[in-house]
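Please keep the viewer at hand as you read.

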Amino acid sequence: MTMTTTAARAGHTNEDFTGAVPTAAVLVDGAGIPGTESVCRHGVAWYAGRLGTSLLSHLSLAPDHGLSTLLAEAIERVTDEHRDTCDVADPISPSAMVAILRLCDGVVEYLVLGDAVLVLERADGAPLVVSDPREVVISEPYRSALEAVAPDNEEHHRLLGDLRANRNQPGGFWVAKDDPRAADEAITGSCPVLGLTGAVLLSNGASRVVDRFRLADWPEVLGVLASSGPAEIIRRVRQAEACHGVEADDATIAYCTGLGGAPARSEGA
């Protein structure tokens, strides 16, 4: 398992989390909205870290529970931790996107909630890319309108409010926040571990190497990961952000090898 995470910029708190236990890996991409600190004294990084560590604990202690069930339990547990001190139900309270990978009895199970991405590398054939497109699809009509007005403009705030009204609603997009029922909306699946050579979990700040900047396709990304590691992917993302004048985002990658029983690489970054 190789993991790399970098904050969007120097002095910025990294709101991503990644971690692993012997049979599972977790990536949590914290989502902040301006004003979050006014309703939650803990902040987005706290929420992402608490959710990630709670997931790892549940994955270790309840290996027979489904991934959606474990995510629901983790959301409820973290929400209870700050329910008495923060307005957890407020639309701008901390939330997060989640990716989970688990190996159990020769089967790889996966879960994606929100715009995190999980990729399974197959020895024969194209990689299996697991993503949840709902937020991207719903956000697209708002993108040009938001870019056309200043961030502090009243119209900008109205558009953002309209977009966020789709969050955790039927017909909208779903994230981990205060309602454990959001876990039921996650993209889940499984496949035999036989024939898989690796897997990678990416926050949307890292997956933009493919889905925003088109610097590579997924087979090419997997090749770079095998030869140079996750840090090289993030370096290329940062270079593209600077070149195109795009605001940087926290970027995190967890890269797993040896899924089929070969000795796994043990290193970190």
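Helices (H or I, at least four residues) and strands (E, at least two) are DSSP runs, numbered from the N terminus. This is a predicted model, in which local features need pLDDT of at least 70 and side-chain atom pairs count only at pLDDT 80 or more, while totals for chains, interfaces and linings use all residues. Residues are numbered from 1 along each chain as its sequence is written, and side-chain values use heavy atoms, without hydrogens and water.

On a 1 Å grid over the protein atoms alone, a cavity is a set of points where a 1.4 Å probe fits but cannot get out, and a pocket is an open set with protein on both sides within 12 Å along at least five of seven lines; lining residues have an atom within 4 Å of a point. Volumes are the space filled by probe spheres set on the points, which are joined across faces, edges and corners. As for classes, Ala, Val, Leu, Ile, Met, Phe, Trp, Tyr, Cys and Pro count as nonpolar, Asp, Glu, Lys and Arg as charged, and the others, Gly among them, as polar.

| Space | Volume | Lining by class |
|---|---|---|
| Largest pocket | about 2,000 Å³ | 18 nonpolar, ten polar, 18 charged |
| Largest cavity | about 30 Å³ | three nonpolar, three polar, two charged |

Around the largest pocket, H3 (134–147) gives at least two lining residues, as do E3, E4, H4 (154–164) and H5 (204–211). The largest share, eight residues, comes from H3. Of the 46 lining residues, Asp115, Glu135, Asn204, Arg208 and Asp249 lie nearest the centre of the pocket. The largest cavity has a lining that includes Tyr47, His82 and Asp178.

**Packed interior**

A nonpolar core is a set of buried Ala, Val, Leu, Ile, Met, Phe, Trp, Tyr and Cys residues joined through side-chain atoms within 4.5 Å; buried means under 20% relative accessible area, exposed over 50%, and partly exposed in between (1.4 Å probe, protein chains only). The largest core has 30 residues, and Leu51, Leu55 and Val98 have the most contacts inside it. Elements giving two or more residues to this core include helix H1 (44–61) and helix H2 (67–82).

**Two contrasting residues**

Threonine 252, in strand E10 (251–257), counts as buried because its relative accessibility is 0%. Aspartate 124, in the loop between strands E6 (117–122) and E7 (128–131), counts as exposed because its relative accessibility is 71%.
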